[in-house]
Amino acid sequence: MIELVVVMSLIVMMIGLTMPKIRTSLLSDGLKRTALRMVGMASNLKDEAVREQRSYALHLDIARQQYWIGFAAMTEEEQALARENAEKLPRDVQILDVWFKEGGKVTEGEAAILFFKKGYVQPSAIHLGADDGRRFTLVLSPFVGNVKVMETYVDFENE
């Protein structure tokens, strides 16, 4: 019994010492945090489009390094308000480009990824980069419900 208590105490101490480091590394890494936010947003947009039976768009402003949500029936005033309240990327993270299966790569200006009311998304990929040289690719597949995250830059233009 004493051995069991000692082993359990050691396990609790090890977990107690490592949890803050794991939490800090996840929360302080702007690139991972941004990727996770975008994955969550894409999942929510897909669900919302089906539930509300209207198409949504994830707008990515490459020049201003920000993103926001819109939908087809928005008035100009609502669009301006959404743009004004856009989520800004952390200082050390950039949207490098957005790739569309139909249309190629958008490297400047604004790109919009469509989420349709039938539950599918426009085939596309978002390329994110950090100041330290790391790159992530978020792949949005039309019929698969999740977003695939790759910890590298995947260039679909050459495939």
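Asp61 stands opposite Glu110 in β6. The model discussed here is predicted.

Visitor: How many bridges join strand β1 to β6?
Guide: Asp61 faces Glu110 of β6, and Tyr56 stands opposite Phe115 in β6. Strand β1 covers residues 56-61 and runs antiparallel to β6. The number of bridges joining β1 to β6 is six.

Visitor: Which residue of β2 stands opposite Leu58?
Guide: β1 also pairs with β2, in the antiparallel sense and over six bridges. Within this pairing, the residue of β2 opposite Leu58 is Ile69.

Visitor: Which residue in the turn of the β1 and β2 hairpin has a positive phi?
Guide: The hairpin formed by β1 and β2 has four residues between the strands. In that turn, a positive phi of about 55 degrees belongs to Gln65.

Visitor: In what order do the four strands form the open sheet?
Guide: The pairing in the sheet is antiparallel. β3 (87-88) and β6 (110-115) are the edge strands, each pairing on one side only. The order is β3-β2-β1-β6.

Visitor: Are the residues on the two faces of β1 buried or exposed?
Guide: In a regular strand, side chains alternate between the two faces of the sheet. One side of β1 carries Tyr56, Leu58 and Leu60, and the other carries Ala57, His59 and Asp61. With buried taken as under 20% relative accessible area, six of the six residues of β1 qualify. On both faces, these residues are buried.

Visitor: At what angle to β1 does α2 run?
Guide: Helix α2 lies across β1, β2 (66-71), β3 and β6. Its buried residues include Leu31, Met38, Met41 and Leu45. The angle between α2 and β1 is about 150 degrees.

Visitor: How far apart are the end C-alpha atoms of helix α2?
Guide: Helix α2 has 23 residues, 30-52. At 1.5 Å a residue, α2 should span 33 Å, and the separation in the model agrees with this. The end C-alpha atoms are apart by 32 Å.

Visitor: Which residue just after α2 takes a positive phi?
Guide: Helix α2 covers residues 30-52. Just after α2, a positive phi of about 55 degrees is taken by Gln53.

Note on methods: Residues are numbered from 1 along each chain as its sequence is written. This is a predicted model: local features need pLDDT of at least 70, side-chain atom pairs count only at pLDDT 80 or more; totals for chains, interfaces and linings use all residues. Side-chain values use heavy atoms; hydrogens and water are left out. The expected span of a helix is 1.5 Å times one less than its number of residues. Buried means under 20% relative accessible area, exposed over 50%, partly exposed in between (1.4 Å probe, protein chains only). Two strands pair if DSSP finds at least two bridges between them. Contact means heavy atoms within 4.5 Å. Axes are lines fitted to C-alpha atoms, for helices over the stretch in contact, and angles run from 0 to 180 degrees between N-to-C directions.
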